[in-house]
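Visitor: Please walk me through this model. I want the criteria behind each label.

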Amino acid sequence: MSTDGAALELNGITVRAAGRTLVADIDWRVEYGQHWVVLGPNGAGKTTMLSVAAAVRHPTSGTAEVLGRRLGRVDLRELRRHIGLVAASQRLVDEALLEEEGATALTVVLTGHTGTSAPLWDKYGDAERERAHRLLADLGCKDLGDRPFGVCSQGEKARVRVARALMADPAILLLDEPFSGLDLPAREDLIEALENLAAARSDLTTVLVTHHLEEVPASTTHALLMRDTRVVVGGPVGEVLTGANLSDCFGRRLLIHPVDGRWYARAVRL
Ligand SMILES: Nc1ncnc2c1ncn2[C@@H]1O[C@H](COP(=O)(O)OP(=O)(O)OP(=O)(O)O)[C@@H](O)[C@H]1O
C-alpha cells in the first residue's frame, strides 16, 4: 500500500443516524507515522468518527480518505485488510465464538491474519505462527500462546487483541478505549506495549480513543479534542493538551500536569 499523502483525511464529514447528528463538519488529517489520541466527553462522537476512519461506516456528507482511498469509491472489505481495529463493538461476536471453541491466545492472534472470527488453519503456515508468537512477545505476553483466551485476564486479553489487530500488518492501528476494565498494572503494561510498538515500527500510524489523560502513551504525537459532535482543537500533543483546552472540551476547570512525557488531570475545586 502506497504511503503517499495522508494516512487519514476527513474533509467536512457529517454522520447522521436516526434523525440525529452524531458528528458534524469534521476536518482531520493524520500523516503516516503519527500517533494521535482522541479525547472528549461521553457522546462527543469519538467512536462514530473512528468508525469512519476504520472504513466501517460512510459519512452522510463530506469526504473521507483512508490510506489514500476515498470511501464510497473502493471496496471497504479490501481496505479494511490494511486497518487494524481494536474496539468493543467489533469484538463481541468474534470473541464469544473463539472462547466457545476454547481457542488459545495464539489462535486468536492467528485469526487476525485472515480477519475471521474462526481460525482458517490451512491459511496459517510456519511463517504466520512465528509472526503470531513474535507479536505476542512484542506485546509482553510471550508465555500466553497456549493459554485458552477465555481464561486470560482482562489485561492479557487487551494485549492479545492488539497483537491480533497487528497480525495483518496494518498501515494504521485504531484503538477505541482499549484500557476499559483494566486495573492499574494492566493499563501500564498496555501503555508500555504501545510505546514500544511506536518505537519499533516507525511507519505505523495509530489513533487511540480514550477517556483518561493518564492513559495517553508518551509516544503520542498529536491530540484531537471533541465535544458535542465537533472538533474543539487538534494538533501537536504538547500544544493541545493544555488546561485551557481540556477545560473547554470537558466543561470543567481542569489542571493538567505533564510528567515524564505522560499527562495527569484533576478538576479545580471551587
Ligand atoms: N446508530 C445510532 N443511532 C442513533 N444515535 C447514535 C447511533 N450511534 C451513536 N449514536 C449517538 O451518537 C452520539 C455519539 O456517539 P459516539 O459513540 O460516537 O460517542 P463517543 O464520543 O464515542 O461516546 P463515549 O465516550 O460515551 O463512548 C451518542 O449520543 C450516541 O448515543
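Visitor: What makes the shell residues around the ligand nonpolar, polar or charged?

Guide: Residue type decides. Ala, Val, Leu, Ile, Met, Phe, Trp, Tyr, Cys and Pro count as nonpolar; Asp, Glu, Lys and Arg count as charged; the others, Gly among them, count as polar. The shell divides into four nonpolar, six polar and two charged residues. This is a predicted model: local features need pLDDT of at least 70, side-chain atom pairs count only at pLDDT 80 or more, and totals for chains, interfaces and linings use all residues. Numbering runs from 1 along each chain as its sequence is written.

Visitor: Which residues are around the ligand?

Guide: Ala17, Ala18, Arg20, Leu22, Gly40, Asn42, Gly43, Ala44, Gly45, Lys46, Thr47 and Thr48. A residue is near a molecule if its C-beta atom, placed from the backbone, lies within 6 Å of it.

Visitor: Which element gives the largest share of that shell?

Guide: α1 does, with three residues. β2 (20-30) and α1 (46-53) each supply at least two. Helices (H or I, at least four residues) and strands (E, at least two) are DSSP runs, numbered from the N terminus. The chain has nine helices and 12 strands.

Visitor: What makes a set of residues a nonpolar core?

Guide: Its members are buried Ala, Val, Leu, Ile, Met, Phe, Trp, Tyr and Cys residues, joined through C-beta atoms within 7 Å. Buried means 20 or more other C-beta atoms within 10 Å of the residue's own, placed from the backbone; 12 or fewer is exposed, and in between is partly exposed. The largest nonpolar core here has 77 residues. Ala53, Val109, Leu136, Ala163 and Leu174 have the most contacts inside it. Helix α6 (residues 154-166) gives the most to this core, six residues.

Visitor: Why does the chain's radius of gyration agree with a compact globule?

Guide: The rule is 2.2 Å times the number of residues to the power 0.38, taken over C-alpha atoms. With 270 residues, that is near 18 Å; the chain has 18 Å, so the two agree.
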